[in-house]
Structure formats: C-alpha cells, structure tokens
Amino acid sequence: MKDVDFKTDKVLAKEFLSNFADIHGEAKYMIILQEVANRRIKAIQIDLEDLFNYKDLDEEFLRRVTENTRRYVSIFADAIDELLPEPTEVFADDDLDILITQRSQEGTENADGSDPRQRMPPEIKRFYEVYIKASSNERPFTIREVKASYIGQLVRISGIVTRCSDVKPLMQVAVYTCEECGFEIYQEVTARVFMPLFECPSSRCSTNRAKGNLILQLRASKFMKFQEAKIQELAEHVPKSHIPRTMTVHLRGELTRKVAPGDVVELSGIFLPIPYTGFRAMRAGLVADTYLEAMSVTHFKKKYEEYELIGDEEEQIARLAEDGDIYNKLAQSLAPEIFGHEDVKKALLLLLVGAPHRKLKDGMKIRGDIHICLMGDPGVAKSQLLKHIINVAPRGVYTTGRGSSGVGLTAAVQKDPVTNEMVLEGGALVLADMGICAIDEFDKMEESDRTAIHEVMEQQTVSIAKAGITTSLNARTAVLAAANPAWGRYDLRRTPAENINLPPALLSRFDLLWLILDRADMDSDLKMAQHVLHVHQNKEPPALGFTPLEPSILRYICDAFIVDTLMCEDPRAYISAARKLSPCVPRELEEYIATAYSSIRQDEAKSNAPHSYTTVRTLLSILRISAALARLRFSETVAQSDVDEALRLMQMSKFSLYSDDRQKSGLDAISDIYSILRDEAARTNSLDVSYACALNLITMKGYIEAQLKECLEEYAALNVWQIHPNTFDIRFIDA
C-alpha cells in the first residue's frame, strides 16, 4: 500500500465541495456552505453517494474515506475552513464570536510559539459540524454482522433504540489561563475522558521555573451536545436460539435528540474501539469495548407530523378525498390477506385515525385515543390483525399477556449502570406514547398486572411512587387488546358476562369490545378457504376491485395537512393528513346523540343478559368514533351519518350474539326487517320511510342490503307497502 498524502486528499476534498453539482446542475455543497456562513444551519452532511457520482471520481480516495472516516472528517473540515464564503446576511455576534475576534487580535502577543498548545486550534473557531453519510444503496448491516475488520470504517446498521441518556455537554477544546505568565493554553479533547493540564508549558514559565498554575476557563472553552444511546437488533435479524445483541451509539451535536426509546432506526457511523476506564480497565486487560459514532440517523417509521408528501402523493390524496367510498377502501387496505372482518377493519382504521384530545379551561383532559378489544374464538386472525396494525402505526409496541408484568407495561425503577442512581425505565405503554400498544393474549394476564392498565386507559398517565421517585409519566397510547373467551371458545350456553370474564371496570374503558365467533357456514367457509389458498399460491391477496393502499401511505392518512389538497394511494399519508383535523359536534346533533345513548341504556336495562356494560364512557366512545369518522372525510364538523356509523359499529361488535338471539326467538330475517321498518314508521308517526334510512336501520341490526331488497319485494307483493320505482323509498298502505 503506497503512502497516503493527506495534503493531496485535502485538495481533492476542496475540488469535490466546490465543483459537485446535483441533478438540477446547482453547486450543492457551496449552497450549503453559504447557509452555514449565514448561521442558518450547523450541520454539513457529505453523502458518499455524491462522492461516488462525482464526475472526476477518484476511486482510491472514495475507498480511503470509507475505511478511515474519522481522519477524513477532519480533512473535509479543514477544506471547508478554506472554502467557507463570507456571510450575505447580518446577524448578531454571540459570545464565541467576540472571544475569537479578541484572540485573533491578541494572537501574537499572547503566545511565544514554543509550544503547539499555545496556538489556537481550528476546532475552537468552527461553528459548524461535519458528518459523512454512508451510501444507502446496499442493505444495512445487522449488529452481529459488524466484526473487528470494520474498526475505523463507515458502516450502516439498523435496529431498535432501547435506551437514551440525557443530552449533556462534552468538552471539545479546554482553555486554560496561566496565573504566572497570563498565556492562554489550549487542549483538544478527542475522547470522553481526558487528563487536565496543571503546569504551564510556556517558555516563560519554563525559563523562570515558575511552574505556573493553570486555571480552566469554562466560558472560553468549547463544548458540544452529547448523547449516548443503546441500539438492539430487530427481532427478525436474531438467529434461532440466540438473544438480541446491543451496541452503544454516541450522538453528537445536531444528531442529539433525534431518537427516542422504541424508535426503529437506521444509523450510519464510524465503528470505533473505546478502552475501559477505572476498575473495569484492570479487569479487562487489553480488551476494548466498541461503539458507533453516529454520522446520520434515518427513521424507518416517521411520526405523523414529520411526514412530508413526496412525488405525486399530494395529487393522489386529493383524488382519494373526492372518492365517496374512501372509508371502505381504506378499511379493505388494512391486512387484505385476511379474509372478511370488514367491520373489524373499519374499527381498526378508526383506532389509527383517533379523535382529537380535548383540554378544558380548568386543565381537565378528555382522551381522544380509541381503545379496542378483540375477543374471539381461536383461529379468527386476531394476532395477525394486531401485528399488521403495529406495522402500519408509526409508533407501536407489541407485547403478550403472559410475557408482560405490571411494571413491564408501565415503568420499572432500575439502577443506572453508569451513575449508580435509581432511574425510571419506561415500559411498553410508556414506549408507545403517542402511538399504539397491542397486547395479545390479554385474558392470560395476571389480574394484578392487568390492573396496571386501568390508569393508562383513561387518565393516559403512569404514576409512580417507588424508591424515592414520585412522578407521573405520559402514556398517551391507544390500547389494542386481543383475548380468548373464558373457556377458550365462546360457550353459547353461558351468558356474555361469563364468557367475556373481564372486570366491568376494565370493559367500560374499551370503546369497542368486538366479539368474533367462529361459526360453521358452508358459503362463507368455502369463500374463506378459496381466499387462503389464493394467498398461499400467489403470495398476494385476491383482487379487491381497486389498488389497495400501501402501509406507508396508510400510516400517514391519519394526520391532516391541508384540507383541500390531501389524500393519496398510501394509507399512511392519508391518515397523517386526517389526524391534523379537530372536528366538533354541532348543536343540532346534541339531542340526537343524547336520545341514542338513552335508548341503548333502556335496551340494556330490559335485557336479562346484557351483552355490554353501558356507562357514560359509552357516550364518550360514540363521540370519539364519530370524530374519527369526520376526520376521514376531512370535515371540521361531525355529521349525523358519522354518529349513525358509530352506533352501527357498536351494534356490529356483538353481531354474532344478536344473530344467535334471533335464532332463539324464531324470527327469520325478512320478518325481523319488516318489524324494524314498521316500528320506525310508528315512531316517526309517518307512512313514509326512505330507503337510506331503512338501510341504515337494518345494518345496525346486522342485516345486509340483499335481505332488505328481498323483504321489500315480498311485502310489496302482499300489498303491505308501495316501493318508489327509482329511489326505492317505502310508503305503507294504511289499512
């Protein structure tokens, strides 16, 4: 290997920064340097892809940058020092500017040149940071693939962040003043620990043998932001019978506060060794620990508010907004591989969208997150639905009942390995803050652990009073639980309360408790078998009649940008758009909602074995689901159709039980639909019932449009009513 001439490489770096043009023909890095000179940005990120695409590419130079990245960060920084243009905007000087100006003027007086530590290092003058970003063309490494041969090289890894320290100042340049000679001494700090200087190294103090005492000047020293994080392998990257590996990541400057525990990220950085210190060094011998010095951070799942529309997504969203059937299309785009469950998917879509949080003037908060519990027989795809929703949500945590303890869900007090202080470690519900927490096998949880969820589901906080720590953590999360009935399968001979076997205090906190029973039915079983076989053969679901929305678009559907311009083929983009709206209930609907709620209470009071526990929380649930539906329509106000759909979903959640009740009572579907329409005509004291109203009424009771049409034809033939030929509206013949 020939000797490397770093001066030549510095010239190459200057040429690249000066001459590189992007696809629009603009000098990309010179524009960035002008922004830096105007103090608009601090970070300069040099992309290796740009270096690879550079017209005068020197492949050896590119290889050296990749394999000796830390040295080339300083070479690029030196090149930028020489290239940095004059500022084109006026800005106020800060303390550092004034100090550097004074030092530059006094530079020659205050140093005798005998010691390099008396010269001002270039690092102290820089008000920017340089990062080199790895190319994103290749697959990122898993943590266990990063071996010793990669030491000092630029690598790209993916994983989940498990712990983050607080952001603290890290010293870059220590500045001392000598009490004897008055000279300023500079000490560059390149590691996390350093040995401070105590004796003045200047020639004056050496000649006088004064051993001048050095005083550290904190105001004149340079510090940068520093944060330490732990990253863990993703579950899909861990081989069988192995445990996930972790790696320490050092984040500096502008990269701090970019990650939080629970984030799935892709990091590019320099893989470096770090010697153990203190007692651990005596035990470790020659063995060193390793860490990743981060150069760039990319989130796999952006938060809703960080999502930016790219390409033609804005036009797609606008097109979808005009589509009257968007609610059904979005619901069908959720897990299209799973057969049926149309209404369950609609409820899960509303869980993703959510309702706006309300904060009253006196400080009281009313949650907007929708909680759903899926309870059903084995093999009805509950766990698959949970996994899919966690995949779509930008922040989601999946856990199981048996594998979770009370503190594992809320928060645990642990001893910090670095400081030995007692610290709080957030559990699954805290990690899922502003996201979704999916709890599978909910019925298998210990009762004592299940009570830990009560506060989170209504107050949306986790209160702790342990080991001298008394605090309250935010847990603004939507809970999605899946459970089996008490005896494994739903037992029709027992009451719903006995089958559900969850305490009323917990059940009332769920906005929707969905009972999914696995019934034998020749037609539906045949269709489901064909669907499953199609998925296995083709590795994709059967055609839906439209292009299902990708999860990445679905995710951002829930967070609205601009009401007129949004809606796209990616459900996430649409959700992201919708979540920005805050619909309100108009006055004219207040009476309608109040009447609907009171009638549900009356029906439950008359029932011998009620299917649910109706409390005031049920009324709030109706409002939340209605607001989520209004968000999907990009509307600022809740419409009556939203309230009707919310009531219908509540009815359909117990559809399996109602169909069983009808079988017991001996009523066939046609007779039951007739009695529903007759009751409606009597209630409104009118002979006319519109087709839309009739369809809404019968779907709330679990019937379908084909049954309604069959009923209309049968009773029209009996001369009970007349049907309008165009609108299908009904007029009773008054006998």
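Rings of Phe, Tyr and Trp (its six-membered ring) pair if their centres lie within 6.5 Å; planes under 30 degrees apart count as stacked, over 60 as edge-to-face and the rest as tilted. In this predicted model, ring pairs link F16, F20, Y29 and Y54 into a cluster.

This is a predicted model, where local features need pLDDT of at least 70, side-chain atom pairs count only at pLDDT 80 or more, and totals for chains, interfaces and linings use all residues. Residues are numbered from 1 along each chain as its sequence is written, and side-chain values use heavy atoms, leaving out hydrogens and water.

**Aromatic pairs**

The structure holds 14 aromatic pairs. Two of them are tabulated here.

| Pair | Centre distance | Plane angle | Class |
|---|---|---|---|
| F16 and F20 | 5.5 Å | 45 degrees | tilted |
| F61 and F76 | 6.3 Å | 45 degrees | tilted |

F61 sits in helix α4 (residues 59-67) and F76 in helix α5 (residues 69-83), so this pair ties together parts that are 15 residues apart in sequence. Helices (H or I, at least four residues) and strands (E, at least two) are DSSP runs, numbered from the N terminus.

Buried means under 20% relative accessible area, exposed over 50%, and partly exposed in between (1.4 Å probe, protein chains only). F16 is buried, at a relative accessible area of 1%. F20 is buried too, at 7%. Both F61 and F76 are buried.

**Strand β21**

Five of the five residues of strand β21 (residues 512-516) are buried, so the strand is largely enclosed by the rest of the structure. Both of its faces are covered: L512, W514 and I516 lie on one side, L513 and L515 on the other. Strand β13 (residues 372-376) runs parallel to β21, and five bridges join the two. Strands pair if DSSP finds at least two bridges between them. M375 stands opposite L515 of β21.

**Helices α11 and α12**

The axes of α11 (residues 326-333) and α12 (residues 342-353) come within 8 Å and cross at roughly 95 degrees. The two helices are therefore roughly perpendicular to each other, a label for angles of 65 to 115 degrees. Their contact (heavy atoms within 4.5 Å) is made by Y327, N328, L330 and A331 of α11 and K345, K346, L349 and L350 of α12.

D343 also lies in α12. D343 is buried, with a relative accessible area of 14%. Leaving aside neighbours within four places in sequence, D343 is in contact with W514, R648, L649 and M652. W514 belongs to the buried residues of β21.

Methods. Axes are lines fitted to C-alpha atoms, for helices over the stretch in contact, and angles run from 0 to 180 degrees between N-to-C directions. Angles under 35 degrees count as roughly parallel, over 145 as roughly antiparallel, 65 to 115 as roughly perpendicular and the rest as oblique.
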